[in-house]
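The sequence and the coordinates are shown first, and the description follows.

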Amino acid sequence: MAFNSLLTKGKSFTALKNAVQIQQLANGHSVGNAMASMTKEKIGSREIVGFGLNGQPYYFDKLDIPMPAIRFKEITPDIQVLREKEKGDWKKLSLEEKKALYRYSFCQTLSEIKAPTGDWKGVVGVSFFGISIALWLFLLLKLYVYPPLPVTFEPERQKAQLQRMIDLRMNPIDGLASKWDYEKGKWKE
Amino acid sequence: MNDLCGMDLVPEPKIVIAALKACRRLNDIALAIRFIEAVREKCGSKQKEIYPYILQEIRPTLDELGINTPEELGYDKPELALPNVYDVHG
């Protein structure tokens with residue numbers, strides 16, 4: 001069961017820990033670990049085959065964790081026949097049987113995981129819809145809710161304010177008054 | 001094996017052969033096919049250069065154990081995925 005330890009010969013401690021954990025999960029009576037037996041009920045009769053992502057016996061298809069901890073389908077009599085055949089010579093299995101065995105252990109092939117799903121179109125559509133609602137609310141607020149701007153925003157008033165700023169020599173070094181040429185009475189070139 | 005796929009490298013043919021032999025000991029051909037697919041993914045952007053080389057190196061083991069590559073099984077194209085909407089009406 002602990003085939004991970006066969007391949008990672010250098011990491012003996014983690015391999016031992018994984019092996020112990022797998023044995024515990026597979027046996028069902030993990031010491032003081034009620035979660036393991038609860039998940040065992042949830043996964044039905046699917047065989048636990050390895051460590052997977054974090055030791056929990058859940059199935060998921062991920063490109064970077066290609067071998068999940070449990071098989072995909074539950075044990076049925078037809079699969080049992082194929083599994084017995086698998087113990088013999090693999091050359092005797094036909095292509096269809098190999099495919100059936102693959103689909104028994106895994107839900108999607110890696111290229112199916114990578115295949116484009118078109119989810120992004122729904123997401124973009126809904127977000128555009130939300131943005132349009134926000135814009136509509138803004139327009140309605142501007143039309144009906146906000147009072148009119150005060151009278152000081154009119155162009156003549158703004159010109160008078162600018163003239164006052166120049167007369168008071170505001171920000172004479174780097175700012176407004178430094179841009180006004182006081183001898184000639186117009187903006188500096 | 002998941003750790004091996006997690007590392008930032010493409011496994012050497014020797015390692016792939018050892019993994020396939022381990023799958024044989026466990027009587028699990030689905031795992032062997034999955035591992036070859038995972039090796040193909042690990043090649044990343046240089047798939048056309050690295051993957052044929054690895055296949056060529058492990059070809060004797062594949063023939064000896066009777067494992068088919070994912071291409072022979074038709075698993076390099078998504079088999080059961082939804083068709084691309086632009087291809088539906090040709």
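D63(B) has a relative accessibility of 45% and therefore counts as partly exposed. The values given here are computed from a predicted model. The partner of D63(B) in a salt bridge is R59(B), with 3.8 Å between the closest N and O atoms. R59(B) is likewise classed as partly exposed, at 30% relative accessibility. Both D63(B) and R59(B) belong to helix α4 of chain B, where they stand four residues apart, about one turn of the helix. The spacing matters for direction, because in an α-helix, with 3.6 residues a turn, residues three or four places apart point the same way.

**Chain B and its helix α4**

Chain B contains five helices and zero strands, and its elements follow the pattern α-α-α-α-α along the sequence. Of the 90 residues in chain B, 46% are buried. Among the contacts in chain B with a separation of 6 or more, 62% are between residues 24 or more positions apart.

Helix α4(B) also has a buried side. Y51(B), I54(B), L55(B), I58(B), T61(B), L62(B) and L65(B) are the buried residues of this helix, and they pack against α2, α3 and α5 (70-73) of chain B. At I58(B) the helix bends by about 55°, and the proline P60(B) follows within four residues. Leaving out residues up to four places away in sequence, I58(B) touches P13(B), V16(B), I17(B) and L20(B). After α4(B) comes G66(B), which has a positive phi near 80°.

**The largest nonpolar core**

I58(B) also has a part in the largest nonpolar core, which holds 37 residues; I58(B) is among the members that touch the most other members, together with W90(A), M1(B), L20(B), F35(B), L62(B) and I67(B). At least two residues of this core come from each of α4 (77-86) and α5 (95-105) of chain A and α2 (13-25), α3 (29-42) and α4 (47-65) of chain B. Helix α3(B) gives the largest share, eight residues.

**Where the two chains meet**

How is the size of an interface often given? It is often stated as the accessible area lost when the parts come together. For chain A and chain B, the buried area is about 3,500 Å², and carbon and sulfur atoms give 58% of this. The contact involves 38 residues from chain A and 39 residues from chain B. Between the chains there are 16 residue pairs in polar contact, counting pairs with both residues at pLDDT 80 or more. On the side of chain A that touches chain B, α1 (3-7), α4, α5 and α6 (110-114) of chain A each supply at least two residues. Helix α5(A) gives the most to that side, with seven residues.

Beyond its neighbours within four places in sequence, E86(A) is in contact with L93(A) and L101(A), and with R24(B), N27(B), D28(B), I29(B) and A30(B). Is E86(A) buried or exposed? E86(A) has a relative accessible area of 0%, so it counts as buried.

**Salt bridges**

The whole structure has seven salt bridges over all chains, and two salt bridges are found across the interface of chain A and chain B.

| Pair | Distance between N and O atoms |
|---|---|
| R34(B) and D61(A) | 3.2 Å |
| D28(B) and R71(A) | 3.3 Å |
| K184(A) and D181(A) | 3.7 Å |
| D63(B) and R59(B) | 3.8 Å |

The side chains of D28(B) and R71(A) meet in a salt bridge. Why does this pair join two chains? D28(B) lies in the loop between α2 and α3 of chain B, whereas R71(A) lies in the loop between α3 (34-43) and α4 of chain A, so the pair joins two chains. D28(B) is buried, with a relative accessible area of 7%, and R71(A) is buried as well, at 4%.

Definitions and conventions: Residues are numbered from 1 along each chain as its sequence is written. Chains are lettered from A and ligands numbered from 1 in the order in which they are written. This is a predicted model: local features need pLDDT of at least 70, side-chain atom pairs count only at pLDDT 80 or more; totals for chains, interfaces and linings use all residues. Side-chain values use heavy atoms; hydrogens and water are left out. A nonpolar core is a set of buried Ala, Val, Leu, Ile, Met, Phe, Trp, Tyr and Cys residues joined through side-chain atoms within 4.5 Å. Buried means under 20% relative accessible area, exposed over 50%, partly exposed in between (1.4 Å probe, protein chains only). Contact means heavy atoms within 4.5 Å. The bend at a residue is the angle between axes fitted to the seven residues ending there and the seven starting there. Buried area is the accessible area (1.4 Å probe) that two parts lose on being put together, summed over both. A salt bridge is a side-chain nitrogen of Lys or Arg within 4 Å of a carboxyl oxygen of Asp or Glu. A polar contact is a pair of N or O atoms within 3.5 Å; within protein, one must be able to donate a hydrogen and the other to accept it, and residues adjacent in sequence count only if both atoms are side-chain atoms.
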